[in-house]
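I opened this notebook to record what I looked up in one structure. The entries follow in the order in which I made them.

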Amino acid sequence: MKVFVTGATGLLGSFICRELLDRNHQVKAVKRNSSKMDLLEGIADQIEWVIGDMNDTAFLEEALVGIDAVIHGAAIISFDKRYVNKMYETNVLGTADLVNTCLKLGIKDFIHISSVAAIGRKAGQKKITEKDRWEDSKYDSIYANSKHAQELEVWRGAQEGLKVRILNPSVVLGPGIWGQGGSTSVFEYAYKERSFHPEGNTNFVDVRDVAEIAVKLMESDIKGERFIVSAGSLPYKQFFQTLANAFGKKAPTKTVQPWMLKLVVALEFLRSRITGKEALITADTAILSRTKFNFANDKVRKALNFEFRSLEESANWTAAELKNRYNL
């Protein structure tokens with residue numbers, strides 16, 4: 001199959017491209033002039049690249065000619081309310097344009113990379129499955145709202161004839177670009193031997209597992225379904241202990257107290273306004289850091305007869321890759 005990939009230069013997108021090539025698919029991908037290609041070492045020349053804007057429908061109509069399937073992973077991730085309009089334009093309107101173009105050109109296969117953030121969560125709830133539907137709550141960040149609205153555009157496409165599968169990954173672990181944020185920042189936090197850890201739980205999944213599931217679903221006859229893609233859930237203390245062990249570093253042992261979170265949120269707000277940079281810790285992320293949700297993975301394991309990699313395996317592999325790449 002000839003597959004069009006969005007978000008190909010990011011961590012997950014790069015591994016999706018690798019998985020597609022390993023399974024003998026042709027890959028065409030979109031990027032910007034400013035896109036960094038660091039994560040595509042060894043395969044960039046095996047991909048047909050087009051440079052353009054996902055909000056440019058004329059560009060999409062030209063780029064998607066001859067495509068058999070689309071794996072859509074491009075999205076802006078931010079929890080800073082100043083970026084809400086930019087996220088809506090990219091995550092929601094860009095997805096709507098992509099869906100409409102697929103419908104216009106008769107491209108049926110559509111794999112959408114969403115997030116567990118787009119699944120409904122209620123206070124006191126422990127286990128969350130694909131049956132839980134979105135409802136407004138205090139756990140909904142601006143990012144979560146954009147991913148939910150993005151999904152609505154994809155489901156609309158399903159009603160109009162697209163063969164849709166939606167993946168909802170948790171925190172995707174893998175060797176991204178050091179110092180550039182994203183999920184790789186949790187490894188940086190462990191490497192720098194920080195003292196504090198949040199009091200809640202985190203859900204996690206290896207980037208290689210998400211990529212494999214995305215491609216296997218694309219190759220399957222499954223349609224009109226969503227799948228939570230998460231290897232498990234652990235308290236942050238245990239999570240960071242595992243990451244620190246992978247680097248041979250000292251793990252954080254102190255729990256962040258609620259009053260500390262309020263102070264950090266306030267200080268981070270001031271820093272972001274003074275520097276003009278994005279706020280890394282917000283009131284939304286502070287709330288989420290104290291939650292103990294567990295996203296169930298039974299559905300995808302059964303559908304694909306799939307077993308996830310353990311946190312220890314993911315942490316050791318990622319740490320080794322990062323140490324080698326950045327001489328840590």
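Which elements each supply at least two residues of the lining of the second largest pocket? I found β11 (225–229) and α10 (298–304); helices (H or I, at least four residues) and strands (E, at least two) are DSSP runs, numbered from the N terminus.

Before going further, I noted that this is a predicted model, in which local features need pLDDT of at least 70, side-chain atom pairs count only at pLDDT 80 or more, and totals for chains, interfaces and linings use all residues. Residues are numbered from 1 along each chain as its sequence is written, and side-chain values use heavy atoms, with hydrogens and water left out.

**Entry 1: the pocket.** I looked up the volume of the second largest pocket, which is about 210 Å³. A pocket is an open set of points on a 1 Å grid over the protein atoms alone, where a 1.4 Å probe fits, with protein on both sides within 12 Å along at least five of seven lines; lining residues have an atom within 4 Å of a point. The volume is the space filled by probe spheres set on the points, which are joined across faces, edges and corners. Among the lining residues I listed Trp-155, Glu-225, Arg-226, Asp-298 and Lys-299. By class, I recorded two nonpolar, three polar and seven charged residues in this lining; Asp, Glu, Lys and Arg count as charged, Ala, Val, Leu, Ile, Met, Phe, Trp, Tyr, Cys and Pro as nonpolar, and the others, Gly among them, as polar.

**Entry 2: the core.** The largest nonpolar core has 39 residues, and Leu-20, Leu-167 and Ile-213 have the most contacts inside it. Such a core is a set of buried Ala, Val, Leu, Ile, Met, Phe, Trp, Tyr and Cys residues joined through side-chain atoms within 4.5 Å. Buried means under 20% relative accessible area, exposed over 50%, and partly exposed in between (1.4 Å probe, protein chains only). I saw that α6 (207–219) is one of the elements that each supply at least two residues, and that α6 gives the most, with eight residues. Leaving aside neighbours within four places in sequence, Leu-20 is in contact (heavy atoms within 4.5 Å) with residues including Val-3, Ile-71 and Met-218.

**Entry 3: two loop residues.** I found Ser-141 in the loop between β6 (127–128) and α4 (142–159). Ser-141 counts as buried because its relative accessibility is 2%. Asn-24, in the loop between α1 (11–22) and β2 (26–31), counts as exposed because its relative accessibility is 69%. Asn-24 has a positive phi of about 65° although it is not a glycine.
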